[in-house]
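The following paragraphs lead through a structure that the reader is asked to keep in view. They take up its chains in turn, and then the contacts between them.

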Amino acid sequence: MQVESRTPYGADRTLEAILSSTSSDSHMWNLIFIQLVLEEHGYHVTNLGACVPVEALVDRCAALPPTVVVLSTVNGHGHLDGALAVNRLRQIPSLATTPIVIGGKLGIQASSLDHVQHLRAAGFDAVFGDTASDLSEFSAFLRRVAADSFAGAPSCDVAVARTPLEIARAAAARGAGLA
Amino acid sequence: MTSPVPFGEVITRAAARGRLIVQPRMGMGDPVDMRAGLLAVKAAKASTVGTITVDSYTRCNDDEAVRRAIAGDGQLNGYPIVARTSDVTSAIVKELRDASFVIQVRHGSADPQRIFEALVAAGLDATEGGPISYCLPYSQLPLADSVKNWAVCCKTFGRLRDKGYEPHLETFGGCMLGQLCPPSLLVAISVLEALFFCQQGLRSVSLSYAQQANTAQDLEAIAALRAIAAELLPNVDWHVVVYAYMGVYPRTVSGAMGLLGEAARLAVRSGAARLIVKTAVEAYRIPTVAENITALEYASAAAGQVRRAGPAEPASDTGILTEARTLVDAVLELGPQLDRTLTAAVGRGLLDIPYCLHPDNRGRTRSYLDRDGRLYWSDTGALPLARRTAVAAPDRNSSADLQRMLNYVARKYDSIQNAAPGQINDHERNQ
């Protein structure tokens, strides 16, 4: 499943984003919204949609390969499903240093520091909650990835600017946002 | 063994007594917690139906993930009805079900064969879903497979009749993507799924409609739903079930309760028999049992303040009935048997859900929410309808436009501080 988007910045498709739900998450509006956000940051988006099996995600990411992989999830299983997915993605040599991030509602309770640390340890470069401030953090993150991509810097360096605690603090604050 | 009172009959009896039936979404990984939740719903000060919501791993047939979750912290977002033995589930059902309290299973699967086997084994006679509504928004499965699966599941479910049950199936088609789907398409899909169920042998169904962003428009849509159902479902036991808003939910308690109260009044005014509630914490997380009980009792009280449930009040006519009938007729023109035509109907874009990412959805339609919360088509794609019904809709939404439309209802209800029930939508009622 994919929805091809037009890149708003001319024909150069240098910024490729793969956007996906987690394997058990059927929510769609978060994906539609994040696709628009990515496009507005100059990314060409392959939106894999809801309930994407891990192997389908891995196949698409290995084939492209993307500038960034974004998992968006709100069903409360994200801390489990996301960790499994990134673990598999990191086994693919071409994805070892690709920025891979996850955001949304990560547990069935409010997001916790444990979930963020668990997901970072599993291989995500950044973990976002679902608040307005998370959305601006995500936006800043996308700009950094884009800048580093055009500068030719190793892509994995862009995402380590935030400590897990900062991310957790942002995730714990609630407001309108990513999901 | 004595046959239980059929689900549809319990709802119809309550409606005849002028009581709106209220129902939560509720599912716990542990059977002990599930039983306690159902007990609390039964004891609530309202006419209630119990719900067993199935977890999302079971919905995806991911047995390994269910096992991991049960072996780990046990935190599942629903009841793993396939992993639990039928003895465990049926013991809960037998203990709690009686002539005034029935239980429905809610799941969300496009491949629900094992869920249906499990609920038949446990003697559960009511569930919901549909070949379109549980595939296009929720699954990667090809629609053709979902249609086949649902036809088989209707047959499986029908086996309950041999045991003295009258199985009841509710369409989820009135809720495509929860928000921003114009009402005529919600009505059309809900009717088509009900007709599909009946063609596959069921005799007791309910038709869903999810509250959208303008009450006058919703009243008109539900009147259209009832009119078409009455035409196409003769000799079938059917009722209408309203879902409290399924989109981005208000974040304040007063906003959430205001929206729920409006849903309850919508249900009564439209002549619906049943309401599925949302809670004050909907914007944040899965509700606790206590939060669900509060919502059930609040909704029941709000419904009681309108008048006794009964016949619908007359609705305005902006053309929803004509549009919905045109969509249904266009699908039925492909042939009378929906199991053979639904996939082609979606493939040709006769049914096309705005913004839906499923590969079998054409994805050429777009909707637009005006300043009064009314939904219009900004692009009808290949739908057999006039090109667009919105006057001032932009050709392409930015993320900010989309967020504004997605958050319209939440913003509206959150901005009304301490409003008393009945005051919220007076301006809409007068439109």
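What percentage of the 431 residues in chain B do buried residues make up? They make up 58% of them, where a residue is buried if 20 or more other C-beta atoms lie within 10 Å of its own, exposed if 12 or fewer, and partly exposed in between, the C-beta atoms being placed from the backbone. This is a predicted model, in which local features need pLDDT of at least 70, side-chain atom pairs count only at pLDDT 80 or more, and totals for chains, interfaces and linings use all residues. Residues are numbered from 1 along each chain as its sequence is written, while chains are lettered from A and ligands numbered from 1 in the order in which they are written.

The secondary structure of chain B consists of 16 helices and 10 strands; helices (H or I, at least four residues) and strands (E, at least two) are DSSP runs, numbered from the N terminus. Chain B has a radius of gyration of 20 Å, close to the 22 Å that the globule rule gives for 431 residues, so it is as compact as a globular protein of that length. Here the radius is taken over C-alpha atoms, and the globule rule is 2.2 Å times the number of residues to the power 0.38. The C-alpha trace of chain B spans about 60 × 50 × 45 Å along its principal axes. Of the contacts in chain B with a separation of 6 or more, 74% are between residues 24 or more positions apart, two residues being in contact if their C-beta atoms, placed from the backbone, lie within 7 Å.

The interior of the model may be considered next. In soluble globular proteins, nonpolar side chains tend to be buried together. The largest nonpolar core has 190 residues; such a core is a set of buried Ala, Val, Leu, Ile, Met, Phe, Trp, Tyr and Cys residues joined through C-beta atoms within 7 Å. Helix α8(B) gives the most to this core, with 12 residues. Val191(B), Leu225(B), Leu260(B), Leu275(B) and Ala299(B) are the residues with the most contacts inside the core. Leaving aside neighbours within four places in sequence, the contacts of Leu275(B) include Leu20(B), Val22(B), Val242(B), Ala263(B) and Ala299(B).

Helix α13 (residues 338–347) of chain B has as its buried residues Leu338(B), Leu342(B), Thr343(B), Ala345(B) and Val346(B). They cover an arc of only 160° around the axis, which puts them on the same side of α13(B); the arc is that of the directions from the helix axis to the C-beta atoms. These buried residues pack against α7 (143–158), α8 (183–199) and α12 (320–332) of chain B. After α13(B) comes Gly349(B), with a positive phi near 80°.

Most residues other than glycine have a negative phi, and most peptide bonds are trans. Leu177(B) has a positive phi, near 60°, and lies in the loop between β5 (168–171) and α8 of chain B. Leu177(B) counts as buried because it has 24 C-beta neighbours inside 10 Å. The loop between β5 and α8 of chain B also holds Leu180(B), whose phi is positive, near 70°. With 23 C-beta neighbours inside 10 Å, Leu180(B) counts as buried.

Chain A has six helices and six strands, which follow the pattern β-β-α-β-α-β-α-β-α-β-α-α along the sequence. Buried residues make up 55% of its 179 residues. A cis peptide bond, with omega about -25°, joins Leu64(A) and Pro65(A); Pro65(A) lies in the loop between α2 (54–63) and β4 (68–73) of chain A.

The mean pLDDT of chain A is 81, and 75% of its residues reach 70 or more; pLDDT is the predictor's confidence in each residue, from 0 to 100. Within chain A, the mean is highest in strand β2 (residues 16–20), at 97, and lowest in helix α6 (residues 164–172), at 43. Over residues 154–179 of chain A, pLDDT stays under 50. Where pLDDT is low, the predicted coordinates should not be read in detail.

Finally, the two chains meet: 28 residues of chain B are in contact with 26 residues of chain A. On the side of chain B that touches chain A, the elements giving two or more residues are α3 (56–59) and α14 (399–406) of chain B. Helix α14(B) gives the most to this side, with four residues.
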